[in-house]
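Have a look at the fold below before reading on. What follows is a walk through its strands, its cores and a few residues.

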Amino acid sequence: MQAKIRVLLLLLFVSPLTWAAQPLPKVTVYKSASCGCCEKWVAHMRANGFEVVTRDTDNVAAQKVRLGVPEKMASCHTAEVGGYVVEGHVPAADVKRLLASKPNIRGLAAPGMPASAPGMDQPGKIPYTVYSLKKNGTTAEYARY
């Protein structure tokens, strides 16, 4: 009987703490000061629960090189979050999935500037792909929209 009471107490008092959502890590975004779509992506990330710090720079390319973003995967802004790189207009849901699953990759990229991606928000459903950036320099499809 005491064992059952202990289990019940554990469920009542310890488990709710475990069930509580972990806070999302801070996102640092490297972008041009004049890029409006980058600001819209930052707003998208904030609306999805992320704390975002922006670093305006005239040399975003240097951050891409530092973080190992392949040239063919480049976009207008580059971000770091939870030890991963996020290149371009990647949806917040994909970033959350990345952080939850913690795959052994460099990060995610939405190359170019996909018209219907978060921050671009152009009307119509224009297909685009988010890629995983593997540590060996290769890429693979992560999500398709």
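Leaving aside neighbours within four places in sequence, which residues is K64 in contact with? This is a predicted model, and in it K64 is in contact with V69, A74, S75, C76, H77, T78 and E87. K64 is found in helix α4, which covers residues 60-67. This lysine has a relative accessible area of 10%, so K64 is buried. One of its partners gets a polar contact as well: the side chains of K64 and T78 are joined at 2.7 Å. T78, in turn, stands opposite E87 in β4, and E87 is also on the contact list of K64.

**The overall picture**

Let's step back to the whole chain. The protein chain has 5 helices and 7 strands, and from the N terminus on, the order is α-α-β-α-β-α-β-β-α-β-β-β. Of its 145 residues, 41% are buried. Among contacts with a separation of 6 or more, 52% are between residues 24 or more positions apart.

How far can you trust it? The average pLDDT of the protein chain is 88, and 86% of the residues score at least 70. The part to treat with care is residues 2-20, where pLDDT stays under 50. For that stretch the model has 3 contacts beyond four places in sequence.

**Strands around β4**

Now for the strands. β1 and β3 run antiparallel and are joined by 4 bridges; in this pairing V27 stands opposite V81 in β3. β3 also pairs with β4, again antiparallel and with 4 bridges. Here E80 has V85 in β4 as its bridge partner. The hairpin of β3 and β4 has 2 residues between the strands, and G82 takes a positive phi near 55 degrees there.

Between β4 and β5 there are 4 bridges too, but these two strands run parallel. V86 stands opposite L108 in β5. To get from β4 to β5 the chain passes through α5, and this β-α-β crossover is left-handed. β4 itself is mostly covered, with 5 of its 5 residues buried.

Here are the strand pairings side by side:

| Strand pair | Direction | Bridges |
|---|---|---|
| β1 and β3 | antiparallel | 4 bridges |
| β3 and β4 | antiparallel | 4 bridges |
| β4 and β5 | parallel | 4 bridges |

In soluble globular proteins, nonpolar side chains tend to be buried together. The largest nonpolar core here has 24 residues, and those touching the most other members are V27, W41, M45, F50, V95 and V130. Two or more residues each come from β1 (27-31), α3 (36-47), β3 (78-81), β4 (84-88), α5 (92-101), β5 and β7 (139-144). α5 gives the most to this core, with 4 residues. Another core lies apart from it, with 6 residues, among them V69, M73, V85 and L133.

Which residues does M45 touch, not counting those up to four places away in sequence? They are V27, F50, V52, V90, A92 and V95, and three of the names, V27, F50 and V95, come up again among the core members that touch the most others. M45 is found in helix α3 and counts as buried because its relative accessibility is 1%. M45 and G119 sit 74 residues apart in sequence, yet their C-alpha atoms are 9.4 Å apart in space.

V130 has its own set of contacts. Beyond four places in sequence, V130 touches V90, P91, D94, L108, A109, A110, A140, E141, Y142, A143 and Y145.

**A buried serine in a loop**

Last stop: S116. Is S116 buried or exposed? S116 has 18% relative accessibility, and because the cut-off for buried is under 20%, S116 counts as buried. S116 lies in the loop between β5 (107-110) and β6 (129-133). Its side chain reaches the backbone oxygen of I126 at 2.5 Å. Not counting residues up to four places away in sequence, S116 touches Q122, G124, K125, I126 and Y128.

Key:
Residues numbered from 1 in each chain as written. Predicted model: local features only at pLDDT ≥ 70, side-chain atom pairs only at ≥ 80, totals over all residues. Heavy atoms only, no water. Buried < 20%, exposed > 50% of the residue type's maximum accessible area, 1.4 Å probe, protein only. Polar contact = N/O pair within 3.5 Å; in protein donor to acceptor, adjacent residues only side chain to side chain. Contact = heavy atoms within 4.5 Å. Core = buried A, V, L, I, M, F, W, Y, C linked by side-chain atoms within 4.5 Å. Pairing = 2+ DSSP bridges. Right-handed = clockwise from strand over helix to strand, strands pointing away. pLDDT = per-residue confidence, 0-100.
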